[in-house]
Amino acid sequence: MDVLKQFIETISWVEVITLCVRLVFILLFAWLISKLLKTGLQRFEARLVARSLARGESSAESQKRIETLIRLLKQAGLLALWITIFLMVLREVGLEIGPVLASAGIAGLAIGFGAQNLVRDVISGFFMILENQIRVGDVAIINGTGGLVEAINFRTTVLRDLSGTVHFFPNGTVTTLSNMTTAWSAYVFDIGVAYKENTDTVTAVIQAVIDEMMAEEEYGTLIIETPEIFGVDKLDDSSVIIKGRIKTKPIMQWKVGREFLRRIKLAFDERNIEIPFPHSTVYFGEASKPFDIKMLETASTQSREI
């Protein structure tokens, strides 16, 4: 008891109270900063959502992307705040934070060398989400591989191609990224017809097919602008190429394009417009007649002998 009493008598209660007051102020300061951070991020999130909706983006997808971004910023901000508060508390209680900072720096350097690819992937993923380069549900081509975007994480992007194969791309290794369904999509067609056909007539038939599709509810709602027929684009070896473009809602270009080609084939057949295809004629030497004529002569000779 005497030892405890002596120990209590040696305590400077003024310093203890002063230290407690300082610690309380530090914790109140940390709480206030965390509240301001959360409030600021909520306002920033609302502003990003409003801006995305103004650009015509899907509310569900934009909300999902922005929530992911805000969550990352909140975690990073709170982590930095509480590390700073922890160091301030250590300093207030009389501990030297120099060795702690040195140890943390050495550990961070070692981790940085070992996990530099991971850090690169996370930073790249952060900017992919921030800049809205691709979204879940888009059709994209990443490093030459195309497919439907199934997931966008901070470390990897996941694509599923037409055969069902799932491809994982670390975000830091993405060197080329092409999004085929941002805001709108387009079906570009190249239709070849025989040289004997009147290109003005063919263009009129194509325009009639497009007008018919736009008048229908199923396809008219998918086509967002009046389709463009650019005209004769190329004089090919065996055909005249007519080029055009149909703008559609995102990811709908293939559905519209397949139906368009089906109707073009039916319309050309109905009007006897020739779609050329490769032909071959077989000869047996320069002095020989064409194979089909030679066969006819042989059959004729055999019938006379009979």
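Modeller: Two strands are taken to pair if DSSP finds at least two bridges between them. With that in hand, we may read this structure, which is a predicted model.

Biologist: In what order do the three strands of the open sheet stand?

Modeller: The three strands follow the order 6-8-7, and their pairing is antiparallel. Strand 6 and strand 7 are the edges; each has a single partner strand, so one side of each lacks a neighbour in the sheet. From one strand to the next, the twist averages 25 degrees.

Biologist: Which helix packs on this sheet, and which strands does it touch?

Modeller: Helix 8 packs on the sheet and touches strand 6 and strand 8. The direction of helix 8 makes about 20 degrees with that of strand 6.

Biologist: How many bridges join strand 7 to strand 8?

Modeller: Six bridges join strand 7, residues 228-235, to strand 8, residues 240-248, and the two run antiparallel. They form a hairpin, with four residues between the strands.

Biologist: Let us turn to the helices. What does the span of helix 8 show?

Modeller: The general idea is to set the end-to-end distance beside the length expected at 1.5 Å a residue. Helix 8 comprises 18 residues, 253-270, and reaches 26 Å from its first C-alpha to its last, close to the expected 26 Å. Just after helix 8, Asn272 takes a positive phi of about 60 degrees.

Biologist: Which residues of helix 8 are buried, and where do they lie around the axis?

Modeller: Here a cut-off is needed: buried means under 20% relative accessible area. In helix 8 the buried residues are Gln253, Val256, Gly257, Glu259, Phe260, Arg263, Ile264, Ala267 and Phe268. They cover an arc of only 165 degrees around the axis, which puts them on the same side of helix 8. Their cover includes strand 6 (185-193), helix 6 (199-215), helix 7 (217-220) and strand 8.

Biologist: Glu259 is in that list. Which side chain does Glu259 join in a polar contact?

Modeller: Glu259 lies in helix 8 and has a relative accessible area of 11%, which means that it is buried. The side chain of Glu259 is joined to that of Arg263 by a polar contact of 2.6 Å. Leaving aside neighbours within four places in sequence, Glu259 is in contact with Met213 and Tyr219.

Biologist: Which residue caps the N-terminal end of helix 6?

Modeller: Asn198 is the cap: one of its side-chain oxygens lies 2.9 Å from the backbone nitrogen of Asp200.

Biologist: What is the strand order in the open sheet of five strands?

Modeller: The order is 4-3-2-1-5, with antiparallel pairing. Strand 4 (166-170) and strand 5 (177-179) are the edge strands, each pairing on one side only. Direction ignored, neighbouring strands of this sheet are turned by 40 degrees against each other on average. Strand 1, residues 139-142, is joined to strand 5 by three bridges, and the two run antiparallel. Within this pair, Ala140 stands opposite Asn179 in strand 5.

Biologist: Finally, consider Thr84. Is Thr84 buried, exposed or partly exposed?

Modeller: Thr84, in helix 3 (residues 59-92), has a relative accessible area of 41%, so it is partly exposed. The side chain of Thr84 reaches the backbone oxygen of Ala80 at 2.8 Å. Thr84 and Ala30 are 54 residues apart in sequence, yet 9.2 Å apart in space, C-alpha to C-alpha.

Terms used. Residues numbered from 1 in each chain as written. Predicted model: local features only at pLDDT ≥ 70, side-chain atom pairs only at ≥ 80, totals over all residues. Heavy atoms only, no water. Expected span 1.5 Å × (residues − 1). Buried < 20%, exposed > 50% of the residue type's maximum accessible area, 1.4 Å probe, protein only. Arc of directions from axis to C-beta. Contact = heavy atoms within 4.5 Å. Axes fitted to C-alpha atoms, helices over the stretch in contact; angles between N-to-C directions. Polar contact = N/O pair within 3.5 Å; in protein donor to acceptor, adjacent residues only side chain to side chain.
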